[in-house]
Amino acid sequence: MTYRKYKLDKKYYENLSKEELVILKILEGVVNDISLIYELQIKHGFYPKGVTKKELEKENRIDPKILSPFTMVVKKNGVLEAIPYHIHFAKYLKPIAKKIEKAVSISTNKSFKAYLQARAKSLLDGSYEDAFKSWLDVKNSRLDFTVAPVEKHLDKVLSIKQVFQAHVGIVDKQYTALLEGYKETLYSSAKLGFSKYHSTDIPQKGVSVVVEVTPAISGYPADVLSSGQYFPKDVNLALQYGTKTIIYTSQITYKFERLYYPIFKTIFEKRFASKYPKELLLEASDWTIFLYELGKQLHK
């Protein structure tokens with residue numbers, strides 16, 4: 001599935017204002033729309049059929065955009081040409097950007113409003129880095145939202161080209177605060193490590209983690225049911241601006257209900273399994289994933 005919509009408990013909507021509920025609905029539509037572009041990228045790939053890694057690297061010396069993460073490569077008159085995503089997918093991206101701009105016109109949170117505007121602009125001109133920087137500056141928003149080319153796993157030739165994805169989430173402030181505390185502990189303990197191969201100067205500035213329930217998600221994380229993701233994928237950008245990890249608790253719960261818990265009940269003898277309440281197992285699953293995602297970010 002390239003688009004997933006989750007039915008959330010009513011309690012998650014109770015603290016949202018009427019404005020936020022309207023924006024949430026608009027952004028859910030954006031998330032759904034982006035799944036089509038993801039499907040087109042999967043279907044057609046990023047390069048002409050039969051092109052080799054050697055050919056791409058040779059042409060890249062002439063046109064560095066060939067190996068940009070944000071271009072489609074086509075062959076015209078026997079010559080490879082790079083077309084930026086925002087041009088190649090313009091007929092799909094323009095109406096999506098208009099939807100985001102509608103949310104911009106409604107939002108009264110200045111930082112979130114500016115961020116949404118940056119995201120809309122990035123779909124039209126490819127300014128993804130500016131949108132990422134604006135995202136890190138968002139303050140006091142109960143809603144979170146992403147739309148951009150992110151993961152590289154589907155580029156089977158060079159693992160360079162990034163695929164479109166989107167999500168909209170409602171921030172779980174309680175779990176986010178808890179996880180921020182764990183992050184501080186992990187970073188502090190890492191500083192105590194001392195070896196030739198282990199840096200003891202690990203920067204914490206700009207490293208953030210957010211736990212969210214996710215009404216809608218599309219693209220790669222929906223396709224593979226990601227429990228979380230860290231942004232950006234470019235290490236140089238991370239060192240320059242910082243990083244952000246998103247935990248998708250709706251997907252964690254879905255996998256637990258549909259996969260992990262049924263396996264647990266099947267594998268273990270009933271009397272033994274009864275000693276472990278379902279709620280406790282879900283909580284343990286949550287924290288295992290939380291710490292894994294934090295550890296991955298720390299390692300990166």
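**Reading the model**

Reply: Leaving aside neighbours within four places in sequence, Gln162 is in contact with Gln41, Phe46, Pro69, Phe70, Tyr85, Pro149, Val150, Glu151 and Lys152. Keep in mind that this is a predicted model.

Me: Where is Gln162 placed, and is Gln162 buried or exposed?

Reply: Gln162 lies in the loop between strand 4 (143–149) and strand 5 (164–171). For burial, look at the relative accessible area: under 20% is called buried. Gln162 has a relative accessibility of 8%, so Gln162 counts as buried.

Me: What does Ser68 look like when read by that rule, buried or exposed?

Reply: Ser68 is buried too, because its relative accessibility is 18%. Ser68 sits in the loop between helix 3 (53–62) and strand 2. Beyond four places in sequence, Ser68 touches Ile160 and Lys161.

Me: Which backbone atom does the side chain of Ser68 reach?

Reply: The side chain of Ser68 comes to 3.1 Å from the backbone nitrogen of Phe70. Phe70 is also among the residues that Gln162 contacts.

Me: Which residues does Lys5 touch, and where is Lys5 found?

Reply: Lys5 is in strand 1 (residues 3–5). Not counting residues up to four places away in sequence, Lys5 touches Glu28, Pro215 and Ala216. With Glu28 there is a polar contact between the two side chains, at 2.9 Å.

Me: Next, helix pairs. At what angle do helix 2 and helix 5 cross?

Reply: Start with the axes. Those of helix 2 (residues 18–44) and helix 5 (residues 90–106) come within 9 Å and cross at roughly 165 degrees. Helix 2 is therefore roughly antiparallel to helix 5, since angles over 145 degrees are classed that way. Their crossing is left-handed.

Me: Which residues of helix 2 and helix 5 meet?

Reply: From helix 2, they are Glu19, Val22, Ile23, Ile26, Leu27, Gly29, Val30, Asp33, Ile34, Leu36, Ile37 and Leu40; from helix 5, they are Tyr92, Leu93, Ile96, Lys99, Ile100, Lys102, Ala103 and Ile106. By class, this contact of helix 2 with helix 5 has 15 nonpolar, one polar and four charged residues.

Me: How do the axes of helix 11 and helix 13 cross?

Reply: The axes of helix 11 (residues 249–267) and helix 13 (residues 278–299) come within 10 Å, crossing at roughly 125 degrees. That angle makes helix 11 oblique to helix 13. Helix 11 passes helix 13 in a right-handed crossing. On the helix 11 side, the residues that meet helix 13 include Ile252, Phe256, Tyr260 and Phe264; among their partners in helix 13 are Leu281, Leu282, Ile289 and Phe290. The residues of this contact of helix 11 with helix 13 divide into nine nonpolar, three polar and three charged.

Me: Last, the backbone. What is the phi of Asn140, and what is the phi of Leu225?

Reply: A positive phi is worth a look when the residue is not a glycine. Asn140 has a phi near 55 degrees, and Leu225 has a positive phi of about 55 degrees. Asn140 is in the loop between helix 7 (128–136) and strand 4, while Leu225 is in the loop between helix 9 (220–224) and strand 7. Asn140 is exposed because its relative accessible area is 77%, whereas Leu225 is buried, at 14%.

Terms used: Residues are numbered from 1 along each chain as its sequence is written. This is a predicted model: local features need pLDDT of at least 70, side-chain atom pairs count only at pLDDT 80 or more; totals for chains, interfaces and linings use all residues. Side-chain values use heavy atoms; hydrogens and water are left out. Axes are lines fitted to C-alpha atoms, for helices over the stretch in contact, and angles run from 0 to 180 degrees between N-to-C directions. Helices (H or I, at least four residues) and strands (E, at least two) are DSSP runs, numbered from the N terminus. Angles under 35 degrees count as roughly parallel, over 145 as roughly antiparallel, 65 to 115 as roughly perpendicular and the rest as oblique. A crossing is left-handed if the near helix is turned anticlockwise from the far one by less than a right angle, and right-handed if clockwise. Contact means heavy atoms within 4.5 Å. Ala, Val, Leu, Ile, Met, Phe, Trp, Tyr, Cys and Pro count as nonpolar, Asp, Glu, Lys and Arg as charged, and the others, Gly among them, as polar. Buried means under 20% relative accessible area, exposed over 50%, partly exposed in between (1.4 Å probe, protein chains only). A polar contact is a pair of N or O atoms within 3.5 Å; within protein, one must be able to donate a hydrogen and the other to accept it, and residues adjacent in sequence count only if both atoms are side-chain atoms.
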